[in-house]
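Dear colleague,

Please find below the structure that I am handing over to you. The notes that follow set out what was found in it.

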Amino acid sequence: TASECSSSWRAVAIGSPVFDVGPGNDDAVESGAWIAGVDLVAGLAGPRALVPGATGRYEASVLNGARRDRATGIIMAVDLPPGMVAVGVPPDAVVTQGRVTWPVGALGAGARKRFVFDLVAPASSTPGQHLALRASVSGDRRILATLAPRSLVVAARAAARAIATRYAGAS
(Lines give C-alpha, C1' and ligand atoms only; values in the text may rest on other atoms or scores of the structure.)
Protein backbone atom coordinates (compact mmCIF):
# COMPACT_ATOMS: atom_id res chain seq x y z
CA THR A 1 0.00 0.00 0.00
CA ALA A 2 1.12 3.52 -0.66
CA SER A 3 1.37 6.41 1.75
CA GLU A 4 1.11 10.02 0.62
CA CYS A 5 1.23 13.51 2.03
CA SER A 6 1.07 16.94 0.47
CA SER A 7 2.08 20.51 1.05
CA SER A 8 0.66 23.40 -0.92
CA TRP A 9 1.77 26.85 -1.93
CA ARG A 10 -1.21 28.85 -3.04
CA ALA A 11 -1.87 32.47 -3.95
CA VAL A 12 -4.91 34.09 -5.44
CA ALA A 13 -4.39 35.15 -9.04
CA ILE A 14 -7.44 36.94 -10.32
CA GLY A 15 -7.42 38.48 -13.71
CA SER A 16 -9.56 38.57 -16.79
CA PRO A 17 -9.84 41.26 -19.43
CA VAL A 18 -13.59 40.61 -19.44
CA PHE A 19 -15.63 40.72 -16.22
CA ASP A 20 -17.96 37.89 -17.20
CA VAL A 21 -16.91 35.80 -20.19
CA GLY A 22 -20.30 34.04 -20.30
CA PRO A 23 -22.89 36.50 -18.98
CA GLY A 24 -25.84 34.28 -19.86
CA ASN A 25 -24.67 31.10 -18.13
CA ASP A 26 -24.90 32.12 -14.44
CA ASP A 27 -21.64 30.34 -13.61
CA ALA A 28 -20.29 31.25 -10.19
CA VAL A 29 -16.66 30.80 -11.28
CA GLU A 30 -15.22 32.23 -14.45
CA SER A 31 -12.09 31.01 -16.18
CA GLY A 32 -10.40 34.32 -15.40
CA ALA A 33 -10.22 33.62 -11.65
CA TRP A 34 -8.31 30.71 -10.13
CA ILE A 35 -6.10 29.74 -7.26
CA ALA A 36 -2.51 29.78 -8.45
CA GLY A 37 0.22 27.58 -7.06
CA VAL A 38 1.43 24.02 -6.88
CA ASP A 39 0.51 21.15 -4.59
CA LEU A 40 3.36 18.66 -4.32
CA VAL A 41 2.46 15.22 -2.99
CA ALA A 42 5.14 12.74 -1.86
CA GLY A 43 4.38 9.01 -1.95
CA LEU A 44 6.18 5.84 -0.86
CA ALA A 45 5.08 2.24 -1.45
CA GLY A 46 6.72 -1.12 -0.82
CA PRO A 47 6.92 -4.08 1.56
CA ARG A 48 6.06 -3.41 5.18
CA ALA A 49 8.29 -6.23 6.45
CA LEU A 50 11.70 -7.65 5.47
CA VAL A 51 13.94 -10.27 7.03
CA PRO A 52 17.49 -9.18 7.93
CA GLY A 53 19.65 -8.99 4.80
CA ALA A 54 16.65 -9.33 2.44
CA THR A 55 15.94 -6.99 -0.47
CA GLY A 56 12.62 -5.24 -1.01
CA ARG A 57 11.41 -3.23 -4.02
CA TYR A 58 10.06 0.26 -3.28
CA GLU A 59 8.53 3.06 -5.28
CA ALA A 60 8.84 6.75 -4.42
CA SER A 61 6.58 9.17 -6.26
CA VAL A 62 5.89 12.87 -6.57
CA LEU A 63 2.65 14.39 -7.87
CA ASN A 64 1.96 18.01 -8.75
CA GLY A 65 -1.68 18.21 -7.69
CA ALA A 66 -2.08 21.74 -9.06
CA ARG A 67 -4.89 22.45 -11.49
CA ARG A 68 -2.93 24.83 -13.74
CA ASP A 69 0.57 25.64 -12.52
CA ARG A 70 3.82 23.91 -13.37
CA ALA A 71 6.14 23.00 -10.49
CA THR A 72 9.87 23.47 -11.11
CA GLY A 73 13.14 22.66 -9.39
CA ILE A 74 11.67 19.52 -7.81
CA ILE A 75 13.86 17.12 -5.84
CA MET A 76 12.52 13.82 -4.43
CA ALA A 77 14.30 12.23 -1.46
CA VAL A 78 13.98 9.10 0.68
CA ASP A 79 15.77 8.99 4.04
CA LEU A 80 16.86 5.51 5.08
CA PRO A 81 17.25 4.07 8.58
CA PRO A 82 20.79 3.33 9.79
CA GLY A 83 22.29 0.26 8.14
CA MET A 84 19.78 0.08 5.28
CA VAL A 85 21.40 0.10 1.84
CA ALA A 86 19.90 1.30 -1.44
CA VAL A 87 20.67 -0.90 -4.46
CA GLY A 88 19.28 -1.05 -7.96
CA VAL A 89 18.59 2.69 -8.08
CA PRO A 90 17.97 4.52 -11.38
CA PRO A 91 21.07 6.09 -12.99
CA ASP A 92 19.89 9.63 -12.22
CA ALA A 93 19.60 8.92 -8.47
CA VAL A 94 22.19 10.21 -6.02
CA VAL A 95 22.93 7.84 -3.15
CA THR A 96 24.63 9.22 -0.07
CA GLN A 97 24.86 7.62 3.34
CA GLY A 98 21.31 7.30 4.57
CA ARG A 99 19.62 9.15 1.69
CA VAL A 100 18.58 8.62 -1.93
CA THR A 101 17.65 11.69 -4.02
CA TRP A 102 16.31 12.12 -7.54
CA PRO A 103 16.37 15.36 -9.52
CA VAL A 104 12.83 15.55 -10.92
CA GLY A 105 13.08 18.99 -12.52
CA ALA A 106 9.64 20.17 -13.62
CA LEU A 107 6.15 18.65 -13.46
CA GLY A 108 3.12 20.06 -15.19
CA ALA A 109 -0.22 20.35 -13.43
CA GLY A 110 -1.51 16.87 -12.57
CA ALA A 111 1.73 15.14 -13.60
CA ARG A 112 3.37 12.36 -11.55
CA LYS A 113 6.91 10.94 -11.59
CA ARG A 114 7.80 7.54 -10.10
CA PHE A 115 11.14 6.06 -9.04
CA VAL A 116 11.62 2.34 -8.39
CA PHE A 117 14.54 1.18 -6.25
CA ASP A 118 15.57 -1.72 -4.02
CA LEU A 119 16.50 -1.56 -0.34
CA VAL A 120 18.43 -4.16 1.64
CA ALA A 121 17.41 -4.53 5.31
CA PRO A 122 20.34 -4.34 7.73
CA ALA A 123 21.76 -7.81 8.39
CA SER A 124 22.30 -6.80 12.02
CA SER A 125 18.63 -5.92 12.60
CA THR A 126 16.59 -8.04 14.97
CA PRO A 127 13.10 -9.51 14.43
CA GLY A 128 10.39 -7.14 15.62
CA GLN A 129 12.59 -4.07 15.22
CA HIS A 130 10.90 -1.08 13.53
CA LEU A 131 12.83 0.82 10.88
CA ALA A 132 11.58 4.16 9.52
CA LEU A 133 11.66 5.29 5.88
CA ARG A 134 10.78 8.92 5.16
CA ALA A 135 10.00 10.43 1.73
CA SER A 136 10.11 14.16 1.04
CA VAL A 137 9.85 16.45 -1.95
CA SER A 138 10.87 20.07 -2.44
CA GLY A 139 10.61 22.61 -5.24
CA ASP A 140 12.16 25.91 -6.19
CA ARG A 141 9.43 27.81 -4.36
CA ARG A 142 10.70 26.11 -1.20
CA ILE A 143 7.69 23.83 -1.05
CA LEU A 144 8.36 20.88 1.16
CA ALA A 145 6.11 17.88 1.60
CA THR A 146 7.39 15.30 4.05
CA LEU A 147 5.67 11.97 4.41
CA ALA A 148 5.26 10.69 7.94
CA PRO A 149 7.78 7.91 8.56
CA ARG A 150 6.77 4.63 6.98
CA SER A 151 7.42 1.86 9.47
CA LEU A 152 9.17 -1.24 8.20
CA VAL A 153 9.16 -4.22 10.57
CA VAL A 154 12.05 -6.64 10.61
CA ALA A 155 10.55 -10.11 10.29
CA ALA A 156 11.94 -13.33 11.70
CA ARG A 157 13.72 -15.58 9.25
CA ALA A 158 11.56 -18.40 7.94
CA ALA A 159 12.05 -21.43 10.15
CA ALA A 160 13.80 -24.26 8.37
CA ARG A 161 11.65 -27.38 8.17
CA ALA A 162 13.04 -30.85 7.97
CA ILE A 163 10.97 -33.07 5.77
CA ALA A 164 11.33 -36.78 6.37
CA THR A 165 10.58 -38.98 3.44
CA ARG A 166 9.82 -42.62 3.95
CA TYR A 167 10.75 -44.86 1.11
CA ALA A 168 8.79 -48.03 0.59
CA GLY A 169 10.57 -51.02 -0.70
CA ALA A 170 13.47 -53.29 0.14
CA SER A 171 15.45 -52.45 3.21
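This is a predicted model: local features need pLDDT of at least 70, side-chain atom pairs count only at pLDDT 80 or more; totals for chains, interfaces and linings use all residues.

Residues are numbered from 1 along each chain as its sequence is written, and side-chain values use heavy atoms, with hydrogens and water left out.

Contact means heavy atoms within 4.5 Å. Met76 and Trp102 are the residues with the most contacts inside the largest nonpolar core, which has 32 residues. Such a core is a set of buried Ala, Val, Leu, Ile, Met, Phe, Trp, Tyr and Cys residues joined through side-chain atoms within 4.5 Å. At least two residues of this core come from each of strand E2 (33–45), strand E4 (55–64), strand E5 (71–79), E8, E9, E10 and strand E12 (150–154). In soluble globular proteins, nonpolar side chains tend to be buried together.

**Aromatic pairs**

The whole structure holds 3 aromatic pairs; rings of Phe, Tyr and Trp (its six-membered ring) pair if their centres lie within 6.5 Å, and planes under 30 degrees apart count as stacked, over 60 as edge-to-face and the rest as tilted. The pair of tryptophan 102 and phenylalanine 115 is stacked, because the ring centres are 4.9 Å apart and the planes are at 20°. Since tryptophan 102 lies in strand E8 (residues 99–107) and phenylalanine 115 in strand E9, the pair ties together parts that are 13 residues apart in sequence. Phenylalanine 115, at 3% relative accessibility, also counts as buried. Tyr58, Trp102, Phe115 and Phe117 are linked by ring pairs into a cluster.

**Strands and their pairing**

The protein chain has 0 helices and 12 strands; helices (H or I, at least four residues) and strands (E, at least two) are DSSP runs, numbered from the N terminus. Two strands pair if DSSP finds at least two bridges between them. E5 and E10 run antiparallel and are joined by 5 bridges; methionine 76 has valine 137 in E10 as its bridge partner. E10 and E12 also run antiparallel, with 4 bridges, and histidine 130 stands opposite valine 153 in E12.

**The loop between E9 and E10**

Serine 125 lies in the loop between strand E9 (112–120) and strand E10 (130–138), and alanine 123 lies in the loop between E9 and E10 too. Are these residues buried or exposed? Serine 125 is buried, with a relative accessible area of 8%, whereas alanine 123 counts as exposed at 63% relative accessibility. The side chain of serine 125 reaches the backbone oxygen of proline 122 at 2.6 Å. Leaving aside neighbours within four places in sequence, serine 125 is in contact with Pro52 and Val154, and alanine 123 with Pro52 and Gly53. The C-alpha atoms of alanine 123 and proline 52 are separated by 4.5 Å, although the two are 71 residues apart along the chain.

With kind regards

Terms used:
Buried means under 20% relative accessible area, exposed over 50%, partly exposed in between (1.4 Å probe, protein chains only). A polar contact is a pair of N or O atoms within 3.5 Å; within protein, one must be able to donate a hydrogen and the other to accept it, and residues adjacent in sequence count only if both atoms are side-chain atoms.
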